[in-house]
Amino acid sequence: MIDQLEMMNKQSFVEFIKMHSPATNDVIEEIVTKFQTHKVEKDSFFLKQGELSDVYLFLESGIMRSYTFDMDGNEITTNFFKPNSVVFEVASFFNRSKSLESIQALTDCYGYSIRYLELNELFHSIPEFREFGRSLLVKGYVALKQRTLSVIHETAEERYIQLLESNEAIFQHASLKSIASYLGITDTSLSRIRSNFYKK
């Protein structure tokens, strides 16, 4: 049996698995033992562009962001990761290819991680964990689709409000330039939107 203190320390992870899987407590206990405590200090990189994404991280606390560069060398934020989410670069991780993105900690970050080979072993040996993985991939795809459509159907102000409501902590830790590039607008436009928003 897993140490009860360890189970208590991983309780948020346990609850996260329960949300996305029909696994019993015993199965969840088996799963969490395979994950190791993982810390990424503020401003450090969880993944750098050109590296292989080989670590699958459940983020318990802290905020990370992923970014890449456009054809002109401008830094473009592609995602923000908040607590109770999974952090990895999906294309690099599953295709076993070099990542086109970097993932950096905006704050001190803590969580539980597992490497690709060990994760695949869990997928193959525990059906409930396969369902967990499938559920997260579907959720991630839906979120990406919704974000793509929001650029087409929503105004910049609507996208700003949506981000503010879903992850207000981002605005405390990410630069306005990073947030603006994520929203697909200029720094000047973001400053204007924020000014108008707080005048209402």
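A residue is called buried when its relative accessible area is under 20%, exposed when over 50%, and partly exposed in between (1.4 Å probe, protein chains only). The structure is a predicted model, in which local features need pLDDT of at least 70 and side-chain atom pairs count only at pLDDT 80 or more, while totals for chains, interfaces and linings use all residues. Residues are numbered from 1 along each chain as its sequence is written, and side-chain values use heavy atoms, with hydrogens and water left out.

In one of them, R65 and E75 meet through their side chains at 2.4 Å, N to O. Because R65 belongs to strand β4 (residues 64–69) and E75 to strand β5 (residues 75–81), the pair ties together parts that are ten residues apart in sequence. Here strands (E, at least two residues) and helices (H or I, at least four) are DSSP runs, numbered from the N terminus. R65 is buried, at 6% relative accessible area, whereas E75 is partly exposed, at 32%.

Within helix α6, E131 and R134 stand three residues apart, about one turn of the helix. Their closest N and O atoms are 2.7 Å apart, forming another salt bridge. E131 is partly exposed, with a relative accessible area of 27%, and R134 is likewise partly exposed, at 45%.

Conventions:
A salt bridge is a side-chain nitrogen of Lys or Arg within 4 Å of a carboxyl oxygen of Asp or Glu.
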